Amino acid sequence: MSAIVQLENGITTFRRGEKLFQLEFISPTAIRFYETGRKESYAIAKAPSPSQEVRRGEEEGENALFFGDLSVHIHKSGLLSVRYKNIPVFREKPYQAQNKESDLSAEKEGHLAKDKETYTVGFGIENNRPVYGLGDKAGPLDKRGYDFINWNSDYPIPHNEAFKSLYKSIPFFSMFGEACSVGVFVDNTFKTRFDFNKQDKDGIVVESCGGVLDVYLFFGSLPNVIAEYTRLVGGSALPPRWALGAQQSRWSYGDAQEVEEVIAKYKESDIPLSAVYLDIAYMDEFKDFTVDEKRFPNISSWLKKVNQEGIHIVPIIDAGVKAETVYPVYEEGLSINAFCKDNGEVYHNEVWPGDSVFPAFNSSYTRLWWSERVADFLDLGFSGVWNDMNEPASFNGPIPNSVDMGGKTHAEIHNVYGHLMSEATYLGFLKAGKRPYVITRAAYAGSAKFAGTWTGDNYSSYDHIRMMLPQLCGLSLSGYSYVGVDIGGFSGDATCELLVRFAQASLFNPFFRNHSACDTRSQEPYAFDEETTRRYRDIVLTRYELIPYLYDLLFLHQKTGISVIRPLIYNFPKDPNVVNENTEIMLGDNLLLAPALFPGQAKRSVYFPCGFINYFNGMRYGPGYHLIDCGLDEIPLFVKEGSLTPLANKGTHDTDFGKELRLLWTGGKAFAYHYEDEGDGLGYLNGEYNLYLFEIDEEGHLTITTLNEGMVGKYEKITVDHLGNDLE
Ligand code: GLC
């Protein structure tokens, strides 16, 4: 008996066991299948409409549907398999729940508790291919052999590969194939487990504790698969250009004077600085949307003064709201029913302010109210908002699953709580007429369109420098481009050498912020010795040269879904040596960073998939493995041969567009897109920007085509800077 029930308006209804499912072709390279009745999504930026041109037929005696590059077979069991350009690339496996009891005696000894959930909905996939993505999860780039759990978690201990959950839940991963990769997005907000070839060496299992199956599959090259997913859920919003500069934070700069000292010391040390963050101590008793008058008197005029010096101030705003009468945010929230409830009563737990309540962000009414609070707060003169503790974290035991978070239970909303808080905050910026600049710790698929993110509370250790490269690539391959880490490490004490290594390895991180916890050694670049200050300055100055290229990539990411930072496999899919390369990272197509990852390291092996040139001295390296110098004074930065990269002039301290643009050319025929706007504000959304295409031929003749002319351009001079000796 055929599993297909009907095909109507491009939607195929089919039977799988007792249940009815539907299947849609959302593009010539992507399908969605879901249990009937499923409608809403927290992730999707714009709901796709199913193609009406689906053909139904038979292939090898089974029901098949054809559209674009895909043919989808619906087997009698209701399981699917897919061919891309006639190559079999995807096959579901029968699913059996993998629930098992945890070992209580192991837990008693303090081992991490095993997962004891009951999984009710899931599916299996045949797989032997490398697996990438799944957001911020720890462990290697290729996730095969591991299992992970999506349940946003704040573990205040040094994270390592044994952690199955971290702060974010991004249920998207890609199975890599040279001819065709398959991206899988399981749009389910309940606790979800991913077993990548661990229990079953030939397969993947994805299972959730609730909801229904709603799966999107994308087919094509790895970059295309990620880009199509990214466009579906919305990639990172374009940050203001100052947000690509060097940022400084500390839990907590205690008062206005201390912040001014930081700014002054950066200046004295001749290190560019674009923003300082205010951690929880700026508030009056940790109450959101308040400022401690004693520590920060006349905040508005102070912010004006600091802004005039070119420094942006970004305050933290936490999820928990202090439960205290005479605190307007609490009282107002109570009066409009804006907080989470348990059995009809407002739910309380404990966070930094002590007894706290939590905005019911699933309610659009609560989000609207919050966005107004944000807009008012921004009017004081703040440039961004740092959203934290929004897993949501709670100090007095976990929040019960039954708590009502705005019409839905905590079990369903937990993984999107940070997403919804970010959305409300983002809305506040639009209300205030500002380009949104939001940083969030917790996230779900599609949160990037509201907020950038960092990897949370890392540690001042070399382990965490090593961990950051695959972790940031995991985020990047999950549609998240404005990402970074706490440079120098959050917990623990940094040393001179560690800080330098952290900063070097973070050179490409779009979010470049030094941050550390209270009770740790001061970690500002000038807090150590002159050598450390000089080295940090060199790194930051190099970083400032890269800002035009970074901004171009972030613009293109937002428009097309391309990734900004990338593992090598993204750019070199035919090269088997980079399938699980965890120690090098690329920025766009052109730049490669191979940072030192161990104390005392003077040399390291670097793999170049093609010819690369040392950024600083023009030395050329052919494809293959090379031993390179990586002493403390070396930044192992390389430029691909035959490329053109828009850069700022050497030595600039400015994140704004300058009058000059430098095109770094490494010989051969090459091209680059370049984006120019006001660097801040919302005008670019109305087309107020210029987009250029630069093309250069073998002889070095440059042609400039303006693809979009939406403003008066600022460049007075565009120079070609030739790197390498191949033309000499
Ligand atoms: C959390 C954040 C950290 C912040 C601290 C105090 O641990 O992850 O960045 O400094 O809270 O607000």
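Trainee: Which residues touch the most other members of the largest nonpolar core?

Mentor: This is a predicted model. In its largest nonpolar core, those residues are Phe-185, Ile-313, Trp-370, Phe-508 and Leu-587. The core has 184 residues.

Trainee: Which helix gives the largest share of this core?

Mentor: Helix α11, residues 530-560. The helix contributes 13 residues.

Trainee: Why would nonpolar side chains be together like that?

Mentor: In soluble globular proteins, nonpolar side chains tend to be buried together.

Trainee: Back to Phe-508. What does Phe-508 touch, not counting residues up to four places away in sequence?

Mentor: Among them are Leu-546, Leu-550, Ile-565, Met-586 and Leu-637. Phe-508 also touches Arg-543. Leu-587 is on that list too.

Trainee: And what does the second, separate core include?

Mentor: That core has 39 residues, including Phe-14, Phe-25, Val-89 and Ile-125.

Trainee: Which distances do the side chains have to ligand oxygens? Start with Asp-279.

Mentor: An N or O atom in the Asp-279 side chain is 2.5 Å from a ligand oxygen. For His-515, an N or O atom of the side chain is 2.9 Å from a ligand oxygen. Asp-388 has a polar side-chain atom 3.1 Å from one.

Trainee: How much of the ligand's accessible area does the protein cover?

Mentor: The protein covers 98% of the 310 Å² that the ligand has on its own.

Trainee: Now Ser-153. Where does Ser-153 lie?

Mentor: In the loop between β12 (146-150) and β13 (168-169).

Trainee: Is Ser-153 buried or exposed, and why?

Mentor: Buried, because its relative accessible area is 7%, and buried means under 20%.

Trainee: What does the side chain of Ser-153 reach?

Mentor: The backbone oxygen of Trp-151, at 2.5 Å. Further along the chain, Ser-153 touches Ser-165, Leu-166, Tyr-167 and Glu-391. The C-alpha atoms of Ser-153 and Leu-166 are separated by 5.0 Å, though the two residues are 13 apart along the chain.

Trainee: Last one. Where is Glu-35?

Mentor: In strand β4, residues 30-35. Glu-35 counts as buried because its relative accessibility is 15%. Leaving aside neighbours within four places in sequence, Glu-35 is in contact with Lys-19, Leu-20, Phe-21, Val-212 and Leu-213.

Terms used
Residues numbered from 1 in each chain as written. Predicted model: local features only at pLDDT ≥ 70, side-chain atom pairs only at ≥ 80, totals over all residues. Heavy atoms only, no water. Polar contact = N/O pair within 3.5 Å; in protein donor to acceptor, adjacent residues only side chain to side chain. Areas by Shrake-Rupley, 256 points an atom, 1.4 Å probe, with all protein chains shown as cover. Core = buried A, V, L, I, M, F, W, Y, C linked by side-chain atoms within 4.5 Å. Buried < 20%, exposed > 50% of the residue type's maximum accessible area, 1.4 Å probe, protein only. Helix = DSSP H or I, 4+ residues; strand = E, 2+ residues; numbered from the N terminus. Contact = heavy atoms within 4.5 Å.
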